[in-house]
Amino acid sequence: MPILYSFKRCPYAMRARMALYLSKIVVELREVSLRNKPQSMLEISPKGTVPVLLLDDGTVIDESIEIIKWCINKKKYIFKETLNKQQELFAEHAIKLFDEKFKFHLDRYKYATRYEDVDEILHRESCIEILKNIEKEISNKECFYTNNLNKIDICILPFIRQFRIANPEWFDNYNEFPKVQKWLDNFLKSSLLEEIMVTHKEWKKGNPAIFFPTNL
């Protein structure tokens, strides 16, 4: 059985757990502390970030996007609806934008005290500009493009969730990206989020195995 090293609140690990859940692939889940990373994880992925997926043939996948691709290749149809070419291109562009720019500004807004000479409001404004740009593309359906989750949803929503957590009252009352707010709210109320955010004790060698997903 594959082994997934994960951390509950990490947006990248959330992506991986959502992909595994949607593809109905059961793994042994190892919840780690980012301050005390297990040696078994560092041996297979020295960069020390989650998620890390160890396959039963010894292959290691330690990027969330690659884990999503693996799930898609393994199960083919983990998303119920397909996107057209234009939507797919925008989705890939948006995911890259969030990985490369939004996350950069998010960290300096949400965790400003960890950085020197950081203007957290300036970084919040940079995040806002990105959210305004995707606001123009969001449909009026349950998810970004359709009524069902797709790759763009599971890749981007964990970061917007983190952005809201920094100041929920401000976020909920900001009036320039109502579609983003509705999209996120649908996600926050979803059974999927509830299933992937179950709390587990930190994994230690010799502990009984914990399996994920548990409700298949």
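This is a predicted model: local features need pLDDT of at least 70, side-chain atom pairs count only at pLDDT 80 or more; totals for chains, interfaces and linings use all residues.
Let me begin with Asp117, which counts as exposed because its relative accessibility is 82%, where exposed means over 50% relative accessible area, buried under 20% and partly exposed in between, with a 1.4 Å probe and protein chains only. Residues are numbered from 1 along each chain as its sequence is written, and side-chain values use heavy atoms, with hydrogens and water left out.

Asp117 sits in the loop between helix 4 and helix 5, where helices (H or I, at least four residues) and strands (E, at least two) are DSSP runs numbered from the N terminus. Its phi is near 50°, a positive value in a residue other than glycine. Lys24, in the loop between helix 1 (11-22) and strand 2 (27-31), has a positive phi of about 60° although it is not a glycine, and with 55% relative accessibility Lys24 counts as exposed.

Now to the two helices on either side of the Asp117 loop. How do the axes of helix 4 and helix 5 cross? The axes of helix 4 (residues 85-110) and helix 5 (residues 120-135) come within 8 Å and cross at roughly 165°; axes here are lines fitted to C-alpha atoms, for helices over the stretch in contact, with angles from 0 to 180 degrees between N-to-C directions. That makes helix 4 roughly antiparallel to helix 5, a term for angles over 145 degrees, whereas under 35 is roughly parallel, 65 to 115 roughly perpendicular and the rest oblique. On the helix 4 side, the contact (heavy atoms within 4.5 Å) includes Phe90, Leu97 and Phe98, and on the helix 5 side it includes His123, Ile130 and Ile134.

Helix 6 (residues 151-166) has a kink of about 30° at Leu157, shortly before the proline Pro158, the bend being the angle between axes fitted to the seven residues ending there and the seven starting there.

Finally, two prolines follow cis peptide bonds: the bond from Val50 to Pro51 has omega near 5°, and the bond joining Phe212 and Pro213 has omega of about -10°. Pro51 lies in the loop between helix 2 (39-44) and strand 3 (52-54), while Pro213 belongs to the segment after strand 5 (211-212).
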